[in-house]
Amino acid sequence: MRKQFPDIRFDESDKNLFQVDDPRLRADALRFSVLPRLHALLNEALAKASEVYQIDVMEDSIVFYSPHFRTNRDNELQLLYGAASVALGGKRARDGRWKGLKRKDSKIVQIVPFLFGFQLTAEGMTLQCRNWSIKLSDSSFEKFFRFNAEYEPLIQRLCHESYMRPYVSYGDSCKPISTYKQHYDFIIENKIYDLDFFSSGIFRYPITAEDPFYYSLADIVDAFVSFYPVYDSYIQLAKGENNRFEHLVEKLNDWLIRNEEKEEELTGKQEEETKRPSEEELLKIKQLAEQGMKVMPALRWQVFQRDKWRCVSCGRTADNDVILHVDHIVPRSKGGKDELDNFQTLCHVCNFGKGNKDDTNIRELRR
Ligand SMILES: [Zn+2]
């Protein structure tokens with residue numbers, strides 16, 4: 001059984017985090033709040049991908065964090081990061097796993113030069129399938145681009161389905177307005193192995209699980225699932241195996257058709273049972289969503305930092321599969337102020353457990 005979609009959201013305070021000018025606070029917020037939420041989102045996407053494609057999606061991949069906060073921690077804390085990302089990449093392999101690839105210096109290939117995942121910046125969230133410049137031999141790089149050229153029409157359809165766009169380099173001898181097939185052929189011919197796929201700025205704050213007004217996290221998960229066959233093909237090529245692209249696209253089609261049928265059923269039911277929400281109701285939903293982000297950006301992070309990035313009730317951190325919330329001790333409706341002292345860090349489990357029992361100052365109780 002897969003876990004329930006956790007209560008993840010990315011809102012104005014995440015957006016403003018990228019303007020917080022205290023490097024330590026920004027780095028801690030990325031490490032203890034943003035990256036774990038991105039990871040939870042990726043896990044959600046992976047669970048869905050394995051359901052749709054019926055394969056072990058982690059067989060050859062691991063999850064990469066950027067920034068990774070593992071070594072040179074002091075150095076890392078001096079930097080004001082403009083982005084955070086959590087992405088799949090090929091396992092680092094000293095075992096010759098990537099026998100489909102060769103390096104320029106003919107040493108063993110340890111890293112597959114592609115990452116596929118989510119990046120958060122002040123602008124919003126993007127889905128990315130990025131190409132690293134790693135010193136592979138030309139013939140190794142060429143494989144990926146031959147794959148792109150061969151399946152270009154289908155990959156374009158996947159891009160459309162997942163809001164992705166290919167970004168390719170071109171020089172004088174390739175006109176800007178050419179088909180992507182022509183671009184890929186140009187790349188192969190000129191050995192300029194540069195190609196990234198991005199969803200361009202489409203997922204804007206606030207990004208919530210389901211949202212009637214914006215693209216939601218559910219849409220991002222679906223976009224990941226729809227583009228997954230391209231990443232999978234890169235991995236298979238790196239292993240020196242035939243890609244299973246067309247097979248995965250078949251599975252994707254089955255899933256999309258099932259979804260459509262479900263939606264038709266649902267819309268049918270909804271028309272019978274409920275009316276569409278009125279303008280007034282929609283406005284109310286929007287106001288509720290906005291209330292959630294009224295906590296001043298830096299203040300929110302200061303609450304977390306004061307509480308050491310742990311739920312003050314159960315002590316869990318974002319690493320324990322919980323999402324940290326900032327909770328009003330005295331609610332606004334009872335005159336509670338938006339001040340540091342009136343906030344506490346709660347995990348989503350404890351926060352929902354608290355429900356509307358107001359005035360629960362758990363920090364105070366613990367003392
Ligand atoms: Zn808790």
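Q: How many aromatic pairs does a search of the whole structure find?
A: Rings of Phe, Tyr and Trp (its six-membered ring) pair if their centres lie within 6.5 Å; planes under 30 degrees apart are stacked, over 60 edge-to-face, and the rest tilted. Here the search finds 28 aromatic pairs. One of them joins F141 and Y193, which are stacked, with 5.2 Å from centre to centre and 10° between the planes. This is a predicted model, where local features need pLDDT of at least 70 and side-chain atom pairs pLDDT 80 or more, while totals for chains, interfaces and linings use all residues. Residues are numbered from 1 along each chain as its sequence is written, and side-chain values use heavy atoms, leaving out hydrogens and water.

Q: Are F141 and Y193 buried or exposed?
A: Buried means under 20% relative accessible area, exposed over 50%, and partly exposed in between (1.4 Å probe, protein chains only). Both F141 and Y193 are buried.

Q: Which residues do ring pairs link into a cluster?
A: The cluster is made of Y53, F116, F118, F197, F224, F227, Y228 and Y231.

Q: Which residues line the largest cavity?
A: Rolling a probe the size of a water molecule over the atoms shows where empty space is left. On a 1 Å grid over the protein atoms alone, a cavity is a set of points where a 1.4 Å probe fits but cannot get out; lining residues have an atom within 4 Å of a point. In this model, the lining is D56, V57, E59, D60, S61, Y228, Y231, D232, I235, Q236 and R244.

Methods:
1 Å grid on protein atoms, 1.4 Å probe; cavity = no way out; pocket = protein on both sides within 12 Å on 5 of 7 lines; lining within 4 Å.
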